[in-house]
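Dear colleague,

I am passing on the structure we spoke about, and my notes on it follow below. Please read them with the coordinates open beside you.

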Amino acid sequence: MKLTGSQILIESLKKEGVDTIFGLPGGVVLGIFDALYHEKDIKVILTRHEQGAMHMAEGYAKATGKPGVALVTSGPGATNTVTGLTNAYMDSCPLVVITGQVPSQMIGNDAFQEADIVGISRPCTKYNFLVKDVKDLAQIIKEAFYIATTGRPGPVLIDLPKDVTFAKTDYKYPDKVSIRSYNPTVQGNKWQIKQAALAIGKAKKPVLYVGGGVVLSNAHKEISDLAEMTQIPVTMTLMGLGAFSGTHPLSLGMLGMHGLACANWAVHDCDLLIAVGARFDDRVTGKVSEFAPNCEVIHIDIDPTSIRKNFKVDIPIVGDVRQVLKELNEVLRNSFIEKGDLIETRKPWFDQIEEWKREKPLQFHQDTQIIKPQFVIQKIYELTKGNAIVTTDVGQHQMWAAQYFKFNQSRTFLSSGGLGTMGYGFPAALGAQAAFPQQLVINISGDGSIQMNIQEMATAVIENLPVKIAILNNRYLGMVRQWQQLFYEQRYSSSYLDQSPDFVKLAEAYGAVGLRATKPEEVEGVILEALKVKKPVIMDFLVDPNENVYPMVPAGGANHAMVFEDPKPVSEDKPASMQSPDSILTA
Amino acid sequence: MQRIISIQVENKFGVLSRVAGLFSGRGFNIESLSVGMTTDPTMSQMTIVTDGDERIIEQIVKQLNKLIDVIKVVDLTENEFVEREMALIKVHARGDDRAEALRITDIFRARIIDSSPTTYTVEISGEVKKIEAMINLLRPLGIKEIVRTGRVAIAREEAKMLVQKEKKVAEG
Ligand SMILES: Cc1ncc(C[n+]2csc(CCOP(=O)(O)OP(=O)(O)O)c2C)c(N)n1
Ligand SMILES: [Mg+2]
């Protein structure tokens, strides 16, 4: 039987196990949306903005491990996906994005709502396709899912001209795919793995540096097996949080610019750094020439370009993190290593780490009058017992969430790491909630960020996605204000938000629930109330506008030289300020 | 250091743009780039001349390999190779200069492929040094226009075997 391009698309998506699509229609994709009208196996979540659809698809993908799917129209619909594509590309998130395109014969004519999205998205997708013939469609969809989900995952875009959605052809979904020019290395080199095992056996002060790749390859069990068997403390990047339990005694917490002192010091002092699924991002390393200066480095990653891009590596292992760790653990298990002996030999190292933890624990000054933002996160953690999927936007609140919420499970912390996209958190939370309707999903946001995709509150209410938003409302683009305070002599240029809309009323206007806390003693009540409600909720926490995120490594500075509190004013007329070691790096 | 990188790619639209975009997006330098068909109509061959320190070249090779449409990448400079470039040079040639132009063409074993009462168009191919030497000699006559193909290069046969072996070791 012959099917139309639209029908082929839908049948193929079903074959790929797609149960949810996030999107918004327009002229050239009406055929596809029409074919979806009676479709029972795929739920379409209509968003209010294509950027919302993209972050929802990403939230869905990050929470489930399955690829997320978005469907949008040509022109402005397509260009609205660019931030979402770039975000997914930088955070290695598998997405398949279908954009409508003007009819084939009109491409290149500056037709109404034509945009060269294949050209525009080339640098922000793992791959993209323009479908020229309906006969190629099934094969292209198969390849798109294959490319998006294998190797280092990433977004793939399929541009589908309107005539192709109506053209008919025989349909058969290919059951296998092989692309001669694309063969990601999965198995690690055995000899290198042996070298890694030897280095681990010899190390006196080793540290595991765990990144998002461990989450992506579902290697949480393997990483904790490795850490426990070899007694190696674990620090995580923002993207790695949850890959290893944050409450585990071996956990050092997050490292980097706003990482914990013990994590940064341990990495600085270690004699063996084992980087797993991480890429030595500048927010992690600080001044590279002073990062982990005296150690041997093992780097395990599926992407060969990540290895030696920013940092020297002694033992590179290219492969799927999970496969490599399995093999490494096997080699270690069969070697002479005894856990008891290791605990003994590493005792001085652990003593040192304990001392660092005591010396500079994560801390803030509690206040009786004004709500401290860190306190809100602590309370949310306490009252949910950590049983939630947490998403964040970008700014101070994001860093406090990463510091004060302890993530014990993989895929429970969703944040925009590489791109740092304000407006990511709420739609990402909706995507996660769509995947797990029974789960508690919380978006920790800022008064600035929440307004970047607040329109999706309509989606939340209508689709019954009861996400709980906690706004740490500091009346500022707080992270910008922090940098201006510290590096621009307190000239708060365009960072004061002044009056935001009344978030309680705003929630109510959308048909959601709005709650507010203005004093520390109200915080708990608001959270408990929000947890009870079966609807989307905005919790508006009026927090201290002057609170800063510490520890902090001033951009371009060395990680071991962290700052722990606001600098003291030099004199009355000379405000306190710091020299940014490298003013090229920005907030 | 200057490097010559040979790339086999899928013969599809957009591939050149992906390769060029990789260089521009990451701030890598392209000195010259040439693309042509191969014996297999589904593949094209690119030769890129670039430069950078060892770390940059390693990144370039890895990033090229990472592109989905790239089938094979070889840094020819790591081993023995032969290279050629072709240039078409339109040079002023009047009176006595006509004889001089012919002499120079002869010395370089180049060819006149077009002539007008006031100009010659010369075709030369060879290593870059040779082309440059000829251009320098023609310059006093007055060069009207030059087009160059950019370099193409190919591994010497014995060297080729070696590269493949080394690559296998490196990748495990
Ligand atoms: C789309 C986008 N624009 C600008 C920035 C730069 N930026 C980083 S943090 C920040 C402030 C965020 O303010 P808010 O959401 O209120 O969070 P806070 O830092 O106050 O917790 C800005 C503007 C960004 N990351 N993303
Ligand atoms: Mg704010």
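Two residues are taken to be in contact when heavy atoms of theirs lie within 4.5 Å. On that basis, 22 residues of chain B are in contact with 18 residues of chain A, and please keep in mind throughout that this is a predicted model.

The size of an interface is often given as the accessible area lost when the parts come together. Between chain B and chain A the buried area comes to about 1,800 Å², with carbon and sulfur atoms giving 45% of it. Of the area that chain B buries against chain A, 37% is supplied by B:Phe13, B:Arg18 and B:Ile68, which is more than any other three residues supply. The two chains are also joined by four salt bridges; one salt bridge brings together the side chains of B:Asp40 and A:Arg180, at 3.9 Å from N to O.

Turning to chain B itself, I find five helices and nine strands, which follow one another along the sequence as β-α-β-β-α-β-β-α-β-β-α-β-β-α. Its C-alpha atoms fill a box of roughly 65 × 35 × 35 Å along the principal axes, and of the 172 residues in chain B, 40% are buried. Among the contacts in chain B between residues at least 6 apart in sequence, 73% link residues that are at least 24 apart.

As for the surface, chain B exposes about 9,700 Å², and carbon and sulfur atoms account for 53% of that area.

Definitions and conventions:
Residues numbered from 1 in each chain as written. Chains lettered and ligands numbered in written order. Predicted model: local features only at pLDDT ≥ 70, side-chain atom pairs only at ≥ 80, totals over all residues. Heavy atoms only, no water. Helix = DSSP H or I, 4+ residues; strand = E, 2+ residues; numbered from the N terminus. Buried < 20%, exposed > 50% of the residue type's maximum accessible area, 1.4 Å probe, protein only. Areas by Shrake-Rupley, 256 points an atom, 1.4 Å probe, with all protein chains shown as cover. Buried area = accessible area lost by both parts, 1.4 Å probe.
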